[in-house]
Amino acid sequence: MKTLKILSALFIFCFALTLNAQTAEEIVDTFIENIGGNEAWSKIQSMQVTGIGRQQGVDYPFVATMMRDGRTLIDVDLQGTSFIVEAFDGENAWSMNFQTQKAEAADSEASMNYKNEASDQIPNAFFDYKKKGYKVELVGKDTWEGTEVFKLKLIKQPIMVDGVAEENVDLYYFDTENFVPIASETVVKSGPAKGATAQTVMSDYQEVDGVYIPFTVIEKLNGQVNLEMLYKEVVFNADIDESIFVMPKE
Amino acid sequence: MKKSIFAIFFSILLTPIFTDAQTSANPIKASDLFGDLRARHIGPAVMSGRINDMETHPTNARIIYAGTAGGGVWKSNDAGTTFNPIFDKYCQSIGVVTLDPNDPDNVIYVGTGETWTRNSVSIGDGLYKSTDGGATWNKLGFENSERIANIIVNPNNSNEVYMGVLGALWSDSNERGVYKSTDAGATWEKILYIDETTGAADLAMDPNNPSVLYASMWEFRRTGWSFNSGGDKSALYKSTDSGKTWNKIHNGFPAGKLGRLAIAVAPSDSNVLYTVIEAEEDTKKGLYRSNDAGNSWEQLNNDFGITVRPFYFSRIVVDPRNPDVVVKGGLSGSISRDGGKTFKNLGNMHADIHDVVFDIKDSDRMYVGTDGGVYRSWNGGTTLEIVENLPLSQFYHISVDNEEPYNVYGGLQDNGSWYGPSSAGGGVKASDWVPVGFGDGFRVLRHPTKNIIYSEMQGAENVWRYDADNKLVKTIQPLPQKGYPKLRFNWNAPMATSMHKPDRFYMGSQFVHRSEDMGDTWQIISPDLTTNDPAKQQQEDSGGLSMDNSGAENHTTIFTITESPLDENIIWVGTDDGNVQVSTNGGKSWTNTTPNITGLPANIWVYHIEASVHGKGTAYAVFDGHTKGDMKPYAYKTTDYGKTWKNIISDDVEIFARSIQEDFENEDLLFLGTEFGLYITLDGGASWSKFENNMPAVAVHHVEMHPRTNDIVMGTHGRGVIIIDDVSPLREITAEALSKKVHFFSSKTAVMKDQSGGFGNGFGAETQFVGRNAPSSAQIKYLLPKRHTFGKMTMEIQDMDGNKIVSISPGKSKGINIVNWNYTIKQPKVAKGKTFSFGGFTSPRVQAGTYKAVLTKGKDTFEHTFEVVNDKKTGLSDTAISMKHETTMKMYNMTQDLAYMVYELDAIYESVKDSNKKLASSLNDLKETLVVTTGDNYVGAAEPQLREKMADLYSKIAGSYDKPSAAELESLAVIEDRFNAAKEQFAKLKKKAKVDDLELKTFDDFVNE
C-alpha cells in the first residue's frame, strides 16, 4: 500500500500548519483535515468494513456495513453461519438471539439512543459536531500510554438510561504529533457494567481512497482488552442492498 | 465506526461458551515507558476499609457516593449495590464529597484529607471539583489544607460555596477555618479563622435559609506520641448573614474548655439543632439539642455511644423527614427516635461508625460508613448488609511466601491479619482470604520453610504463631524480663524472620528480641536502641479532654528490623524516633548510624530499612517525618554499613515515603512506596517516575518483590494488595535499548499450565469484588521507542521453520509492550449447519518447543524466540502428551475435512437441485447425517449428527489435561468409521453429479478464509 509515503507527506504538511493549535476546535478541525477533510468525507455515503473480531485469542470474521444516515449491520461469521450482532434500520436497533439465531428488537430506549448517535458512524463523532449539537472542550495536555496527547472532552446529546436523561461525555486523546485520536474513554452508562470505564484504542491508521481510518480498534473495559477489531478491507460507496438493515420477520 | 453493542455481544454471549543523587546526565523518563506494565488489584474486599463520608444525590436515589479514608471516591449507580472508583488519579484520602444540589449530575466537589484524626490517618492535598460528573477534575487549591471537613453549596445559588477546613493535624497551619466562594470555587475568602491550632471540624447550613450557617471550631493537635483534643478556642458559632459575622452560641453549654463539637440542623425544622459536646467534665459531655435555632441548648444524653472518642466519631445526622430521629456515629452507632433523649445501637455491622446518610425518599433505607466499609439498611438501621465490592482494605505491611501461586500476608487497620492467594480459580474472591489474627493487624510473616504464620495485634499485645496445617495457635510475644524495664512496643511492632536460620524470629520493643525456636524462648540482644526520651513516653496523659490511651501513641520504640540476606550477623534496626542502628556481629554490639546522614531532620520515623542483596554493607533507609508536619520524602542508601549515606530522593517525588524495595538483579532499579502512590527509579534514585497504570495515588505502606516471579507486591493503606506482575523488563531499559527500533526483553520459559482452576466459584461475583489473576499465557515483551499509530503492524507466532502457527495482536504503545499468547492455534473450520457446534469453538494447544514471535512493522520484521514447556503437574509422560496432541490434531483435521466436505456438498447441491432432483435428494439425505439442519441452540436442539459428535469428542480430548481414554479412542473409531462411510458415499454422489467444472475453493483457501 502506498499509505506511508502519502502519509508522511501529508503530515509534514499538516504539522507545519498546526504547530500552534491550542483550542479544542482547532484540534478537531486539524484532525478532520488530517484524515482527509470535510469534503472527502462528505462524499462518503456508505462504508463497508471486512475484518476480524478477536476475543480471547479467537478470531471471528465480520462484515460491518454502515450508511451515512446511521443504518448499520454487523454480520459475524460463526461456523459459516451469518450472525447479526448489531443492526440499526434508521429507527430501530436489533440483533440476533444466540439461542434461536433469530432477530430480536433492542429495547426502545437503546434504539432511541442509537438513533441519536446515528450520524457518528461516518467517519466519527467529531464530523459536523457543531451541527449535531455536540460540544468539545480541551482539558489539557496529558499522556496516553507514554505518548503526549491533547485530552479533549466531547459532550454529546444526553443519553436516556432507564427513563432518565444522563450526561453523555467521552474523553478523547489526540496524539500531539499527528492530531489524530489514539484512544477514547467513557463511563459505561447502562447495564450491569454501568459506572465502569470503557476505553477504545485506535492504531494502524491507513489511507483508503484519500481518507484515513484506524485499521485496528481495541475495546477495553476497566483497562482489560475485551475485543479487538482488525480491519482487512474498507470499501466506500459500495453498492449496498439496503434491505439488509431491516429486521427480518419470521 | 461505533462499537459498543458488538463488544457487549462478545462479552456476554460468547465468553461463557469457552470452557545526592539529583544529577544524571540523561535520565530516562521511565513514566513514558511503563506501557503494558499494569497493576492488578486483588483486594480483599471481604472486610473493606474505613469510610470517612457518605453523600446522596438530591433527586436520584440510585446514586450514592462514598468518600473513603484511604481509597478515594466511589460512586454507586445502583442504590449502593455496587460501587466504582472515580478519583483514582488523585489523593485517595477523602474528607468530604459534595454535590451541587442545583446541578448534581455534573458538579462534584471533593475535599481531600480524612477528618477522623486517628494516629494512622493519611493526608489530603486540597480541593477538587468536577463539572462533568467525575469524568475530569480540576484542583482548586488548598494544597496545605491537609483535611477538608465540609463543603456546602447554597441550594439556591451554585456560585455560593462554603468550606470547612479542619487543617493540619501534626503542625500549626493558617490554612484552616471556614472559607466562602461566590464564584463556584474559583476564588475563596476566609470568613472564620481562630488561629493556627484551631480548625473547622463541622459546618452546617440551614437548608431553608441558606444565609444561616453554623460552624464548630476545634483546637486539636497530634504528635507521634500524644494527642490533644480541646482548648479554650474550641467553640460553636452561628452566622445569619452568609458568613459575614459570627457569634458563639453557647447558651446552655458546659463551662470550661471544649473539644470536638458536631453540629446538625434538622432539615424538616430549622429551629431544631443538635450538637455533640466534648467537655471537661464527663457529666457535661454528650448530646445537646436546641429548639430555637441555637439560642439555647439543653443536654439530653451522655451515654457511652454518644461521648466515645469525639476525635473519631462526632457525626450527627438528622432524618430529613423527622426532626426527632437522629443518628450519632460511634463505636456501634446510635439512633434516637425521641428527639435525642434516648438512643439504641444501630444493628450489627463492623464497628466504628463514621457517617450515615438516609435515602432521599425513604428513611428506612440508610447507608452507613464504617471502619469496615459501607453498609446498607432496609429497616431503619436495625439490620445491615455490607457492600461487597469495595476493596478498601488498609494494610500496614505485607509479605509473600514461595507457594505456587504465592500468597500475600498482611495486617489491616481495625480488621485483623489475613493471607490470600495472588491468583485463584475464577479470580481472587473474598472467600479466598484466610484470617490469621484479631484486632488491628500489622506484620504477618510466613515461616521461611514451614507452614507456620506469625501475626500480631496492636502493641504486640498478642503475637500469634499459627500452625496452619493443624490449626494450632500459640501466643509468643516477648514478655517483661527480670532486670529489664517495661517493654515499649510500637502500635505496629516490628517482626522479622531469617533467611539463614528458618526457626529464627525477631521482635522489637525498645530492645531487639531474638528467638531461635519460633518464639518459644526469647533473648534480648540489644540495649535500648531508641532515644528513650521520657517526654515521649507519657501516653497515659494522651487525648486531651477525652483520655485516649489506646497504645497507638506508644513511642521511642523500634519500628523496623531486618537481617541481611547475605549474612546472618548483620542486623539493621530503625526506631520511630530517628535511629538507624546496625550490628555486624549478630547483636553483640550496635552502632547508631543516623549521625552519619546529612540533611535528615532529627528524630523522624525510620519507617523501613531494606538490607540489600547486592552487598553486605548495602542497605536503604526510608524516613517519614509527617508526624512532625514534614511531608517531604527521605530515603538514603549506604554501601558501607552506615558509615556514609547517600540521598536517593529526587524532586520528582511529591510526598513522604514509607517503604523501599530494591530489584534483586539491577541495583539501580528501586521501588518507593509513598503516601500518594508508587515511584520507580531506573537510575539508583537520580530520577523517579510515578507508576500510574491502574495504580491509584494510594498510600503504599509496604513494597515487596517476589523473588521467583519478579512481581512487585504492594500493601496499600486503602486499596488492599496491588500487584505489578513481572517487572523484569524494567531491568533492561537503557539508552541503548531505546535506540533500537524494537528491543525484545528476555523472556521466561512459558509453562502451559493445565490447572484450569477447577470449577471456580462465580456465585455472588455479580456484586462482589473479584481480584484479577496473574496471566498464565506466554508473554512476548518488547520495547518500542515510539508509539506505532500509522500503517500496518502485525505479529505472528511461527515454528522454527518459519511456518505460521497463529496471528496475534501486537502492542503498539511507547515503552514496554506485553503480548499474550494462550498457546493455541485458531479454532478449526467447522461444517456449516443450522445451529452451532459448541465443541467446534475449542482451539487446540501447540506442542512444547521453541517458537518465534515475528513482529512486522512497515517493511521491517523483528524476531524473538522463546520456549514453551508442558506443565509437569499433570504427571503425564512425554509419550502420553504426544498421544494427546496427535489425537487432538487428528480430530481437528477431521473436523476441517468434514467442513470442506459439507461445503462441497452444498455447492454441488445448489448446482444440481433443479437439474437432478433425485441426486439432490440423496445429497440432502447425506447432509442430514453430517450436520444438524433443524432446531436451535438451546432446548430446541436437534439430534446431534456427525459434526456434533466429532466436534464434541474433539473438544473433550483437547480440553482434558490427560491423554485420551480407551473409551474416547473407541468413540473416535466409531466416528471415524462413520466419517469414512460418509466420504465414500459422498464420493459416489459427487461422481454422479459430474460437476468437474464447478468452481470451488481449495481446501486451504476454505479453511484459511
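Two residues are in contact if their C-beta atoms, placed from the backbone, lie within 7 Å. The model shown is predicted: local features require pLDDT of at least 70 and side-chain atom pairs pLDDT 80 or more, while totals for chains, interfaces and linings use all residues. Residues are numbered from 1 along each chain as its sequence is written, and chains are lettered from A and ligands numbered from 1 in the order in which they are written.

**View 1. Helix α7 of chain B.** Helices (H or I, at least four residues) and strands (E, at least two) are DSSP runs, numbered from the N terminus. B:Lys994 follows the helix, with a positive phi near 50 degrees.

**View 2. Buried residues of α7(B).** B:Ile975, B:Phe979, B:Ala982 and B:Ala993 are buried, that is, 20 or more other C-beta atoms, placed from the backbone, lie within 10 Å of their own. Among the elements covering the buried residues are α4 (878–912), α5 (917–930) and α6 (946–959) of chain B.

**View 3. The side of chain A that touches chain B.** The contact draws 58 residues from chain A and 53 residues from chain B. Strand β13 (residues 197–208) of chain A gives the most to the chain A side, with 5 residues.

**View 4. The fold of chain A.** Chain A contains 4 helices and 15 strands. Of its 250 residues, 41% are buried.

Technical notes:
A residue is buried if 20 or more other C-beta atoms lie within 10 Å of its own, exposed if 12 or fewer, and partly exposed in between; C-beta atoms are placed from the backbone.
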